[in-house]
Amino acid sequence: MKHLMYLAIVAAMWALTACSGNPAVNYPNTVNPIIGDESFIRTFGFAPDAHTDEHLRVSTHLAYAEQLLRNKDVSHLSPANREQRNHLLDLLAEYRTEGIFPVNYDHPDARKPCFIDKDQRICAVGYLLEQTAGRAAAEAINAKHQYEELLAMNDPMLDSWITTTGLTREELATIQPQYVFPVSTYNHFNTGESLITALGSGTNAFIAIQNNNQIKSKSTRKLLPAVGISTGLLQVGFGAILFGNTDYGRDFYGQPIYNETQRGMGLLNMGIGTTTTLLSAWNLLDNRSIRLQSQKVTWNAGNFSLSSGQVAMGLGMMHRF
């Protein structure tokens, strides 16, 4: 029984060791699928979160991965492979120093590797391939495996290149960062919406000013305020639609993704539209009409001539029709 217990303990320890050393362990939504955020935690003593600077996070990972690979025992490699390995790690340091990293433009729900992004920024492993096998080779890999993890890439050209690097596929996968989706991607102006906003704002601002002038001058014209209420309400409605269509769900941290630019445009439309509507309503419903109506009957005190030729004091009333 005691021997069985010892065997169970040994088996459990072996299983734990095997799992911890397995290069296929995947850490989703971390800077690297192989070692997770180990680089950041070991460097700064705490885990990164949604507010951590992305450039710092990637740069820290690349520096950590480089040092990790330099410290490995490579005595089993040929001198040529050791030399090439050191050359690639020097290139990795050069890439990290330049600090131009790609962006995951297409996956807001998860961190993803990105070989070459739409702005032609290349990833760390892509840079190593580009510098040693040419840009055409990097673009060929990107065309087929842009957002794939290196361990999942099934490509003979990539396999052939890896054999010349002095690095294993798992070591290159340890270098490969995963990038965050840029929330700022959704912060943009739509040309049509911008044009409507400009025209509506200009029109309603003019109507608001004219309404204010009519209120001051006690004008009785009602066409302008009636038009102002209509155009004001239209702009309020348009602004509400813009504001309501800015929610694009949540990122992998659970944080909401908004088009903040469009939200601001929506608030601008609602603000100007509301101002115009209120001024127009005030102008239309102002009690000047009541005061003017009362002025149709006028009273005068003074001297009046009677039919007998006598002059008398009295109060006179005149009604205008």
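Biologist: How far is the sulfur of Cys123 from the closest cysteine sulfur?

Modeller: The closest one belongs to Cys114 and sits 7.5 Å away, too far for a bond. A disulfide here is a pair of cysteine sulfur atoms within 2.5 Å. Keep in mind that this is a predicted model: local features need pLDDT of at least 70, side-chain atom pairs count only at pLDDT 80 or more, and totals for chains, interfaces and linings use all residues. Residues are numbered from 1 along each chain as its sequence is written, and side-chain values use heavy atoms, with hydrogens and water left out.

Biologist: OK, and how many disulfides turn up in the whole structure?

Modeller: The search finds 0. Cys114 is in no disulfide either.

Biologist: Is Cys123 buried or exposed?

Modeller: Cys123 is buried, because its relative accessibility is 1%. Buried means under 20% relative accessible area, exposed means over 50%, and partly exposed is in between (1.4 Å probe, protein chains only). Cys114 is buried as well, at 2%.

Biologist: Let me zoom out. How many helices and strands does the protein have?

Modeller: There are 12 helices and 4 strands. Both are DSSP runs numbered from the N terminus: helices are H or I with at least four residues, strands are E with at least two. The protein has 321 residues, and 36% of them count as buried.

Biologist: What comes just after helix 5?

Modeller: Gly134, which takes a positive phi of about 105°. Gln120 has a positive phi too, near 70°, and is a residue other than glycine. Gln120 is in the loop between helix 4 and helix 5, and its 47% relative accessibility makes it partly exposed.

Biologist: Now the core. How many residues are in the largest nonpolar core?

Modeller: It has 40, and those with the most contacts inside it are Leu62, Tyr95, Phe115, Leu128, Trp161, Leu172 and Ile175. Helix 3, helix 4, helix 5, helix 6, helix 7 and helix 8 each supply at least two of its residues. A nonpolar core is a set of buried Ala, Val, Leu, Ile, Met, Phe, Trp, Tyr and Cys residues joined through side-chain atoms within 4.5 Å. In soluble globular proteins, nonpolar side chains tend to be buried together.

Biologist: Where is Leu62 found?

Modeller: In helix 3, and Leu62 is buried with a relative accessible area of 0%. Not counting residues up to four places away in sequence, its contacts include Tyr95, Phe101, Ala124 and Ile175. Leu62 and Ala124 are 62 residues apart in sequence, yet 8.1 Å apart in space, C-alpha to C-alpha.

Biologist: Switching to Asn104: is it buried or exposed?

Modeller: Asn104 is buried, at 0% relative accessibility. This residue lies in the loop between helix 4 and helix 5. A polar atom of the Asn104 side chain lies 3.0 Å from the backbone nitrogen of His107. The Asn104 side chain also reaches the backbone oxygen of Tyr179 at 3.3 Å.

Biologist: Last one. At roughly what angle do the axes of helix 9 and helix 10 cross?

Modeller: Roughly 145°, with the axes coming within 10 Å. Axes are lines fitted to C-alpha atoms, for helices over the stretch in contact, and angles run from 0 to 180 degrees between N-to-C directions. Among the residues that meet there are Gly200 and Asn204 in helix 9 and Gly228 and Phe238 in helix 10.

Notes: Contact means heavy atoms within 4.5 Å. A polar contact is a pair of N or O atoms within 3.5 Å; within protein, one must be able to donate a hydrogen and the other to accept it, and residues adjacent in sequence count only if both atoms are side-chain atoms.
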